[in-house]
Amino acid sequence: MKKIVAALAALAICAAALVTPALAQDKKFTIALIPGLTTDGFYITMRKGAQAAADALGVTLVFQGAPDFNPVTQVPVLDAVIAKKPDAILIAPTDKVQLVEPLRKANDAGIPVITVDTFIGSGVYQTGAGEADFPLSYIASDNVLGGEIAARALAKAIGDKGKVYVSNVKPGISTTDQREEGFKKEMAANHPGITVLETQFNDNDANKAASQLQAVFARNPDLVGVFGANLFSALGAANGVQQAGQTGTVKVVAFDAPTSIVDNINTGLVDVAIAQHPAEIGYFGVMSAYAHLTGQSIPVAVGTGFTIMDKANIADPNISKYLYSE
């Protein structure tokens, strides 16, 4: 129900924004979108959704980011964008703590901030409490729910019994933290036959994730599944499964769905992929920023959906349309 309400709220924003350009005819708005990184299909797809909204509204969209998902490289990009004084900033923060103060500079400069995909602080904004509640809205997939969906998919694939683990990036990234949280929550609550082993953190290094898989398998030869909390984690773990000669025996669920996932699924390297809808995130981000800039209220959170992909449905156009752009 919360997702339905969020979707309806987002649609209301769109409807309101599209009928109000007359309010801003004397002002050409510029909205900056700062992705987690510029080269990833997820953020490329988000940009396309944002550009579609910008084109519909007559807004100038600036897309500027770093080539890697790292606060050390993202903060200078953010500072450069702030210096250009856009009318609003949409950003996927690369760390929920380290980006608080850099984003506060934008807020203090009078530039509205909306976080997309990832968040700062707790992700609960406009409460009047805490040091990180100043962004106007958080627009993203419900990543706890995404982790729950991944857990259910893996549980089905392994017959609801056996040992599994989460291959994750590192602590402190809001989205992957929440996916792991949702995965463990679902397994503990509804799958008593499944044992979740200790999480392995790979620092976004697919080779490290592959080595970790083999080490976990060596300690637990009855391992039957792994959830990759992001694509590098999943593909690295899947390569580890392949190198251990366990493809088809140790099931792999991947989070995110670039076009390359099709071959991964069809060859059996990956069993299930959970696709987010990044184009919707970008679209609703621009719509929300525009609505705010034209004097309208916006919800503090907007949730977007997921699509489950596997070998049985990956060729269906209604499913494949959610693959990310390259």
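How many residues does helix 10 have, and how far does helix 10 reach from its first C-alpha to its last?

1. **Before you start.** This is a predicted model, where local features need pLDDT of at least 70, side-chain atom pairs count only at pLDDT 80 or more, and totals for chains, interfaces and linings use all residues. Residues are numbered from 1 along each chain as its sequence is written, and side-chain values use heavy atoms, with hydrogens and water left out.

2. **Helix 10.** Back to the opening question: helix 10 has 16 residues and reaches 23 Å from its first C-alpha to its last, close to the 22 Å expected at 1.5 Å a residue. (The expected span is 1.5 Å times one less than the number of residues; helices, H or I with at least four residues, and strands, E with at least two, are DSSP runs numbered from the N terminus.) Its buried residues include Pro278, Ile281, Phe284, Val286 and Tyr290. Here buried means under 20% relative accessible area, exposed means over 50%, and partly exposed is in between, with a 1.4 Å probe and protein chains only. After helix 10 comes Gly295, with a positive phi near 85 degrees.

3. **Two domains.** The chain is divided into domain 1 (30-140 + 277-304) and domain 2 (143-275 + 313-318); such bounds come from an automatic or database domain assignment. Their centres, taken over C-alpha atoms, are separated by 29 Å. Across the divide, 10 residues of domain 1 are in contact with 10 residues of domain 2, where contact means heavy atoms within 4.5 Å.

4. **The cores.** A nonpolar core is a set of buried Ala, Val, Leu, Ile, Met, Phe, Trp, Tyr and Cys residues joined through side-chain atoms within 4.5 Å. The largest one has 31 residues, and Leu33, Leu90, Ile114, Val116 and Val286 have the most contacts inside it. Among the elements giving two or more residues to this core are strand 1 (30-34), helix 2 (41-57) and helix 10 (278-293). Apart from it lies another core, of 26 residues, including Phe217, Ala234, Ala238 and Ala257.

5. **Strand 9 and its partners.** Strand 9 (residues 223-228) is mostly covered, with 6 of its 6 residues buried. Strand 9 pairs with strand 6 (residues 162-168) in the parallel sense over 5 bridges, and Val164 stands opposite Gly225. (Two strands pair if DSSP finds at least two bridges between them.) Strand 9 also runs parallel to strand 10 (residues 251-255), joined by 4 bridges, with Gly228 opposite Ala254.

6. **Helix 6, inside and out.** Is Glu186 buried or exposed? Glu186 sits in helix 6 (residues 174-190) and counts as buried because its relative accessibility is 8%. Ala188 is found in helix 6 too, but counts as exposed because its relative accessibility is 68%.

7. **Two aspartates in loops.** Asp117 has a positive phi, near 75 degrees, in a residue other than glycine. Asp117 lies in the loop between strand 4 and strand 5 and, at 4% relative accessibility, counts as buried. Asp160 has a positive phi as well, near 65 degrees. Asp160 is found in the loop between helix 5 and strand 6 and is partly exposed, at 33%.
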